[in-house]
Amino acid sequence: MTPLHLCLLISTGLFCIGLAGALARSNTILVLLGIELMLNAANLNFIAFWRFGPPSPPANGMIFVLFSIAVAAAEAAVGLALIIAVYRHQNNIRLQDATRLKG
Amino acid sequence: MTLPVQYLWLIPALPLLAAGIGALTPRNGRNLAAGSAILAMAVAFVLSCFALNGALQAPATHAVYNFAWFDLGHDALRLGLLLDPLTAFMCVMVTFVGLLIFIFSLDYMKEDPNYSRFFCFMSLFAAAMLGLLVANSLLLLFICWELVGLASYLLIGFWFHKPSAAAAAKKAFITTRIGDLGLLLGMLWLYDSSGSLLFYDGGHGVLEAANLASLTGQTLSCGLAVSTAIGLLIFCGAAGKSGQFPLHVWLPDAMEGPTPVSALIHAATMVAAGVFLVARAYPLMSADTLIATAPVHALTVVAFIGALTALLGALIACGQTDIKRVLAFSTVSQLGYMMLALGVGSWTAAIFHLLTHAFFKALLFLGAGSVIHAAHHEQDIRSLGGLRPRMKITFATFAIGMMALSGVPFLFSGFWSKEAILHAAHEWNVSPLPLYAGLTAVVLTAFYMTRLVAETFFGQARSPAAEHAHENHAVMTGPLVLLAVGAVLLGFLGTPACPWLQARLSGTELHSSMSQLFASGGLLLLSIGLVGAGLVTGWWLYGRKLRQTAEHRDPLAVASPAVMAALASRLGFDELYAATVGRLNSLTAALANGLDRWVIGGLVNFLGQFGVFSGTLSRETAESTLNHGFDQVSASIRGSGQRYSRAQTGEAHGYLRVIAMAFIVLVLLLVLGGSR
Amino acid sequence: MTTALILIAILLLGSAAAAMLRRNLIHSALLLIASWAGVAAFYLWAGAEFVAFAQVLIYVGAISMVVLFAVLLTRQNPVAELPAEPASRMRALTGITVAVCTAAILSAAILSSKFTPAADTAPQTSVKQIGLELMHRHGTALLIVGVILTVALLGATILAATDAKEKPEDRP
Amino acid sequence: MLGSGIIKGLAVTAKNFVGSYYDPARMTTVEYPEQPTVLPENYRNFPFLVSENATDPMGTLRCVACQICEKECPPQCIIIEKSKDKKPDANGKMQLYPAVFGIDTSVCMSCQICVEVCPFDAIKMDKVFEIAATDRFLDLYLNREQLAKPNTYYHQIHPEEAAEVDGRLTADRKAAEEKAKATAAAKAAAPVAAPKPADSAVAPKPASPAVKPQDEPRRLVSPKPGEGGSPLGEGGPAKSS
Amino acid sequence: MSPASDSYLERAPLELRDWLVQFLPEPLQWLAHHLITVVAVLAVFGTFFAFTTIAERKLLARLQNRLGPNRSGLPWIKGLKLWGLTQPFADAVKTLTKEDIVPATADKWLHFLAPVIVVAFSLMTFAVLPFGRNMIPVELNAALLYFFAAGAATELAIFMAGWSSRNKYSLLAAMRALAQLISYELPLILSVVPIVLVAGTLSTKAIVLTQGYWTSGFLPHWFVFTPWGLAGFLIFIVAALAESNRSPFDLPEAESELIAGHLTEYSGFKYALFFMAEYFGLTALSALGVTLFLGGWQAPCVFLEFIPSYLWFMLKLIGMIVFFIWVRGTLLRLRIDQLTRLAWKFLVPLALLNVGNAAFWVLSAHWAGPLQLVRWAVSFAVIVIPFVIMGRSLTAGFAPRTYRYAS
């Protein structure tokens, strides 16, 4: 087992924890955070392959991670703003209650 | 002055810029939005003229400029620009007609609160359309194609507060999307089998000999060549956009949009996109004609569909009472003509007709718009009437358009382009049926146009709106006059005596001699006779005894009520689709629900639902006659569909779970299947 | 080397799992922040210090704040914190099952694949190099990300903002 | 321009900084225990009881335990119990005296109302502020012995006010003596004339002349002709108001 | 480098460390080397913190025509007052011996963790500051990023403190503090970007080295002496004031409105920790300002180079701190809306402009002769004109407030 295996297993673990959280929790904020965790797991993979994987253009993995972090930040901002809007609308943030797109 | 192909992107970029400006202008910045749109269009027109000038200097070549979009593994996905006479002529037509329509809209949309939004959408549409024209890659073309669809959705639904407009926009979007699915599949297949999506790429493009040979070389199990299959899929997209027979239903409904939109989209440009696509992909479509053993050729299908559409459109147009609907069905019919021309192997004739049609149909639509504007949005021809003395310019230009569309001989452009098509159909040796359909349509076209003019402009005003109508501002009549001039003159570019346009398009030598004019004199005379017959019939039925009141029954309805009723209800296509497409929908919903039930409730629930569904199915088969069964079938289908639609719970968890499950299943399949 | 990695992994996974299990939202959020910090630690361990600091700055510094603000702004009524209903227990069960299945499949795939042994040291990447790469090869992407961030910022503001009426005494 | 105000402000404080080293006049503070501060005349803290004589404070309290201050005190921090017997006051007249007089200074809010209402000038405001204590309850409750301070101390802390009070008191005393004489004479002479009661009612009032017109309307509301002479009677109008 | 780097004073601290380390066995030397560095930083800046507090109190007093604390002397020696210089130690003893009160419903763990985190992270920022020519605890390639990343964690601690106290004042104040910190982090970082642009590096050490030149021996090439550098420095100072919750931006702790904000429920040693972290933050930001704009440890003139670099650094640091105290003694507290408006409508656009200004500076680096003057003039104009215009619109809003009382 190389370090790469270990890293990938860790990221799998993180991904699945995030997935479980996103699937199991009813609070929308936690679902969003679960998705953030999954994104982080993907980032972990980028760095792991950059460090241990086959040689690639320099800094490629890092740049991917930077972009991914930027997009995750945008996602978090918009997602949480949506959650606040939903909260204002239905007075709770349980995901299973937010089933209608309509007014 | 010429425009090098590298700078061709400027033509679509300018309207796009105008669209951006329009999107960003505040509500009160009306003049900025309109001004930028018109300016951009004018500059694009000038650039297009330069491009045409350049293209005509070397008509037989295809100037391309290709670039990489992004890397896909080892090779890059490449897009490109293409400049040849086809592109150049289309660009000039689109920008010129578009410019005139924009100017017309200045006055027509004056009262609308969303003035700048309108120009933003129009510019967006023009940008997408021009992008489609200059694309040298099926992918870029497809992107612009979809953008055109989006823009048309926005424009048809521009008055979205009207439920009918919103519904029409949705209908147009979804119907064309069905065709686009075919185009997408064809594109993917093409990429899979040839590894490129560029049209011309120095010998490696998909429309060049090497690739065509390999595409025709492969055959499917059913005996079709791959190129035929791909060609048919591409034609699906063209049929959707151009309103060909199975997918024509959206076009008449699209008349809910503002009239300039109808003129721009549904007469001059967007619907022509399908014809353009087939013309662009003509080498691919026609590649299989050399294979004698093929069960069917792609172009044969195109020809028959075109012929059927031409006939159907003309028929239905006879029964419509809305001025714009008549024109819409006439457009359907004319597009059928173009497809017919493509199918019978004369794509130059198709493009010729496309260009002339763009002019006179835009003229007719704008004329109709002028009438509607003057008559305070009264569109029913039964309630109009007596407009000739009140709106002289509009009447004159409308009459020119009508005669061009009907194919009144010699002077009008429609005659020459239609003649070219009929000539080509005559020479087609596969089947004479398209020719007969075309000739029938000639009669019908002349007939319904006569009816339209007679009802609208002659007789006495049959409603207060028509009584108070008066001639419009020069901003609106100016474009009409210009278009009328075009509708007359354009025909002389491609007379049989001097087929300059056709020669330039195909890049062949120009052979001009007067003798060719009467090479197929019999056909010419026949069609002139048929036009005359149509005009006379129309006049006999409608002009001889002019309508007195709006409630007066239609002479045709007096003659044969059943036929008229069927025509007025557009031969029941909408109802048919509602039933069949609805079934398709509920089937899909059932599939999705089945998956979900399996995850949550287990197989038992699914089996229960399946029982209901099979019951529905068996009932459906038990119904012997389709007509009687429709109602019950659709009711039960709707019921089961509602049950199955519970899969669409709206609950995000469920969707996410399905995604995860699907991922697991996919991985398992890949692992167990051991593929790749 | 590996010991450090395992320690980081325990921090990372432990806090993430705990975050997903806690009922108290604030605790969940703070544990998640710890988990993000753990990810940063992993980056440091792998030699990607720039990314590690960016991770801390953005996740621990910015996203966490947004999350905490959101948690506080959407305070649930304590009465609404009902005991777990059967549906949600069911959902939790299926969710965890699906996650475990995914984990099993992914782990099996990872364990069954072979990788070439890696270099002992991390690839040398200076900050300047990253900057040049970003500006040259990925310039377009950088621009697009900038646009996305701007649009997201504006959109989030518009979504979350209430159109409060301006009172005369609120004027500056 | 933006920032000019900030620079001006910085200059002011910088001037303060430099000036504080060589210009003692600038200093707003003093080093307190070493340098005593001079409190202004009107400074007040908690009340105290005035006694005439420093040698026998308990015997010479001006307070007659009339309990007006106890009733008027807004936070109710004064506790008074009347004595059972009477003692002669400074005028030699027999008066009650407070057996218990306590002020809970943890409650007192230094409002001075007790001083305002006292008809005998027996309670005044103190200036002492170094009164920290270690017990929050017992040490802050001041009893009669702690409260009693001689009149000389009063002169010390509020010289102008005390002089005025003393002048008034001596005038009162004089008037009382004259009136005693007059009543003695009147007993011998004819019955009282009509304007007489007004005079006699005003005369014992220990207020300064400026207060007189103000007191006139009160008298109209509750006219008590024929009353006078007895210092106790002075409580009447005050109570009725 | 210049011969000054070889002077004995310059090398003394490092040699002392090496000398101490050599007594240890080989495997421990690495550890001891770093440990000594950490201890030295802690000791120096711990003492510095102590004396900053007393200096602040005394200076503030003098700025307001008061005397300030001057009583505490040494224990057991009566009469020896030492101008009150031992006050901080007395304060330390007092806070250490005070009762530590935790509210009954507080989240005990977070309540405890908050001060720990805030101190730990504010100390971590010292790791990348170059205190002297050869004195930098950790040499990082991405030092500036590290600095801001470590600084970001303090916001978390403030939130934890506010939330765990179970006190509405605390929570409200914490949210206010967060809003302020987040708002001002942007101009702070943006004001630093021009430096990175011009120096071409994120390493603090390299940034100081790029400032180490003199024109004709006495005009130092510090970044503050360029138009964009001056603007950046001013923005940096304003943002740093806000980031370290100092007056006039001390809303988070506004005693009169929020009863000390998120610190309401803290007492004794935990409170002291917060206090300490605040001063550490201030010191670190001042040190960063010195490093980035004031030439770090570089001497202002060539002939003053004989004074060791770390002393120069300390001198500049003290100067910065004194300036901060001076500002605190002068300016009034802003209202929260004025505060956020200043950040978003004034500082951020100005800082963005300044980035462009620095880019212009880099692009015109080769201009020589009279073009140099043009370069300076353009650069000044780019920053001064918007400053005046935006300043006018900003101050236009600061009219006296008209109150409408409840009717």
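1. In this predicted model, the axes of helix 1 (residues 4-22) of chain D and helix 11 (residues 309-330) of chain E come within 9 Å and cross at roughly 100 degrees. Angles of 65 to 115 degrees count as roughly perpendicular, and helix 1 of chain D and helix 11 of chain E are therefore roughly perpendicular to each other. On the chain D helix the contact is made by D:Gly9, D:Leu10 and D:Thr13, and on the chain E helix by E:Trp326, E:Gly329 and E:Thr330.

2. Is E:Phe306 buried or exposed? A residue counts as exposed if 12 or fewer other C-beta atoms lie within 10 Å of its own, and E:Phe306, with 11 such atoms, is therefore exposed. The C-alpha atoms of E:Phe306 and E:Leu9 are separated by 8.7 Å, although the two residues stand 297 residues apart along the chain.

3. Chain D also contains an open sheet of three strands, in the order 6-1-8 and with mixed pairing. Strand 6 (123-125) and strand 8 (148-150) of chain D are at the edges, and because each has a single partner strand, one side of each is left without a neighbour in the sheet. Neighbouring strands of the sheet are turned against each other by 50 degrees on average, direction ignored. Strand 1 (residues 47-51) of chain D runs antiparallel to strand 6 of chain D, and three bridges join them; in strand 6 of chain D, D:Ile123 is the bridge partner of D:Leu49.

4. Turning to the contacts of chain C, 69 residues of chain C are in contact with 58 residues of chain A. Helix 1 (2-21), helix 2 (25-46), helix 3 (49-73), helix 4 (86-112), helix 5 (127-136) and helix 6 (139-160) of chain C each give two or more residues to the side that touches chain A, and helix 4 of chain C gives the most, with 13 residues. By class, this side of chain C has 51 nonpolar, 16 polar and two charged residues.

5. The contact of chain C with chain E takes 20 residues from chain C and 26 residues from chain E. On the chain C side, helix 2, helix 3 and helix 5 each supply at least two residues, and helix 3 of chain C gives the most, with twelve residues. The side of chain C that touches chain E divides into 14 nonpolar, three polar and three charged residues.

6. Chain B deserves a separate remark. The secondary structure of chain B comes to 28 helices and four strands, and of its 676 residues 54% count as buried. Among the contacts in chain B with a separation of 6 or more, residues 24 or more positions apart account for 78%.

7. Within chain B, helix 3 (residues 85-108) has 24 residues and reaches 34 Å from its first C-alpha to its last, close to the 34 Å expected at 1.5 Å a residue. How many residues of helix 3 of chain B are buried? The helix is mostly covered, with 24 of its 24 residues buried.

Technical notes: Residues are numbered from 1 along each chain as its sequence is written. Chains are lettered from A and ligands numbered from 1 in the order in which they are written. This is a predicted model: local features need pLDDT of at least 70, side-chain atom pairs count only at pLDDT 80 or more; totals for chains, interfaces and linings use all residues. Two residues are in contact if their C-beta atoms, placed from the backbone, lie within 7 Å. Ala, Val, Leu, Ile, Met, Phe, Trp, Tyr, Cys and Pro count as nonpolar, Asp, Glu, Lys and Arg as charged, and the others, Gly among them, as polar. The expected span of a helix is 1.5 Å times one less than its number of residues. A residue is buried if 20 or more other C-beta atoms lie within 10 Å of its own, exposed if 12 or fewer, and partly exposed in between; C-beta atoms are placed from the backbone. Axes are lines fitted to C-alpha atoms, for helices over the stretch in contact, and angles run from 0 to 180 degrees between N-to-C directions. Angles under 35 degrees count as roughly parallel, over 145 as roughly antiparallel, 65 to 115 as roughly perpendicular and the rest as oblique. Two strands pair if DSSP finds at least two bridges between them.
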